[in-house]
Amino acid sequence: MDDFEQQLSRRPIAPPPTGWRDEILAAARQGRTGFQPVTERTEIGSLVGDRTAISATNEELIEAGGSVLARQRDFDNLPASAKDRLEACPTLLAALRGWLWPHPGAWAALAAVWVFIFFMNHQIQVDVQHDIELAGVRAPAADVLNAFEERRVAVEHYLATDKFEPPILDRPPVSNPRRTGSPPLMLLST
Amino acid sequence: MADELERIYDAHAAALFAFLLNFTRNEDTARDLLQEVFTKIAQRPELLSDARDERGFLLRMTHRLAIDFFRRKHSRERRHEALAAEKSSLFADAGDPDEAEFRRQLTDALGELPADQRAVVHLKLWEGLTFDQIATALDIPLNTAASRYRYGIDKLRDRLRPIYEEIKHGRL
């Protein structure tokens, strides 16, 4: 530690008030947590005059404290089995909150972006369908599709064989001119 | 168990309260959390019997309870800072007015630190823990503990430079 750090460490932090010892130990033995209402904290307004009270100017903390006290009283009235289940819940929720990034606003923004993406995608599909209907385009009939399929097969065959020769599917039956008696081609000599 | 609880209180309550007061910056909250720590120990005394380092274990438990407390209150970092702005008397009273002024400025400077840096600085300066012990108590990596301390102490140094110079030269 350098001199500056030593200077800081020499300053003693205030100890807990001596009167707290018996109160805290008694409450601990009774199983009361730190949020158990004590006699002088019966109303939110009494917090202002209490030396250990939250600052009266911090209204948010006062409201939170009041709601915590009310929930603590409701909790105390529950049966033991229900208390056990409820005590496990905050731990689970705290663990989930710790696992999930503790910024609900960011999660809400991310969800809004996804909603926008889905909406735009749906809107684009609607527009395309609308344009198709305007153009009078109809779904092609089955025979038209078959004709296109046959042409596709023919083109693939031509490209594969590199010969201008119709595929067997389309080739008409070959007739033998010699057998059928057709006259041969005559080569005229000059 | 009653004697054991009293022994634990006498040995560790001051340190736990100091940590809570510096971390939460609110005496009321620090008291409630301190009571919650001892309530848990009273309900489950076997927790400490398995711990090799009582103080470290209790600091770790205290820190987790403080974090859970702020999460239950839906607090975010700025809520920590809002609480840090409250002028809680962090240090013991000083008779000398100049010393009191230095402690007041130190309290303000600590309040300006982020809660995570403030926790590390407190454990390093006022508990004398090593970075390894701090990392274990706060459940953070060792390098993170060291870097948070470095950032925190540098901010304090910049913030308190004028009054520190006066102390160093004996003017206070």
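Contact here means heavy atoms within 4.5 Å.

1. **The model.** This is a predicted model. Chain B has 9 helices and 0 strands. Of its 172 residues, 53% count as buried. Its accessible surface comes to about 7800 Å², and carbon and sulfur atoms hold 47% of that.

2. **Contacts along the chain.** Take the contacts in chain B between residues at least 6 apart in sequence. Of these, 64% join residues at least 24 apart.

3. Look at α9 of chain B, residues 142-168. A straight helix of 27 residues would span 39 Å. The end C-alpha atoms of α9(B) span only 32 Å. Where is the kink in α9(B)? It lies at B:Arg161, shortly before the proline B:Pro162, and amounts to about 70 degrees.

4. **What covers that helix.** The buried residues of α9(B) include B:Tyr149, B:Leu156, B:Leu160 and B:Ile167. B:Arg157 is buried as well. Which elements cover the buried residues of α9(B)? Among them are α6 (97-112), α7 (115-125) and α8 (131-138) of chain B. Chain A also takes part, through α1 (3-9).

5. **Two loop residues to check.** Most residues other than glycine have a negative phi. B:Arg25 is not a glycine, yet has a positive phi of about 65 degrees. B:Arg25 sits in the loop between α1 (2-24) and α2 (27-43) of chain B. Is B:Arg25 buried or exposed? B:Arg25 counts as buried because its relative accessibility is 2%, and the cut-off for buried is under 20%. B:Asp139 also has a positive phi, of about 60 degrees. B:Asp139 is in the loop between α8 and α9 of chain B.

How values were computed. Residues numbered from 1 in each chain as written. Chains lettered and ligands numbered in written order. Predicted model: local features only at pLDDT ≥ 70, side-chain atom pairs only at ≥ 80, totals over all residues. Heavy atoms only, no water. Helix = DSSP H or I, 4+ residues; strand = E, 2+ residues; numbered from the N terminus. Expected span 1.5 Å × (residues − 1). Bend = angle between axes of the 7 residues up to and from the residue. Buried < 20%, exposed > 50% of the residue type's maximum accessible area, 1.4 Å probe, protein only. Areas by Shrake-Rupley, 256 points an atom, 1.4 Å probe, with all protein chains shown as cover.
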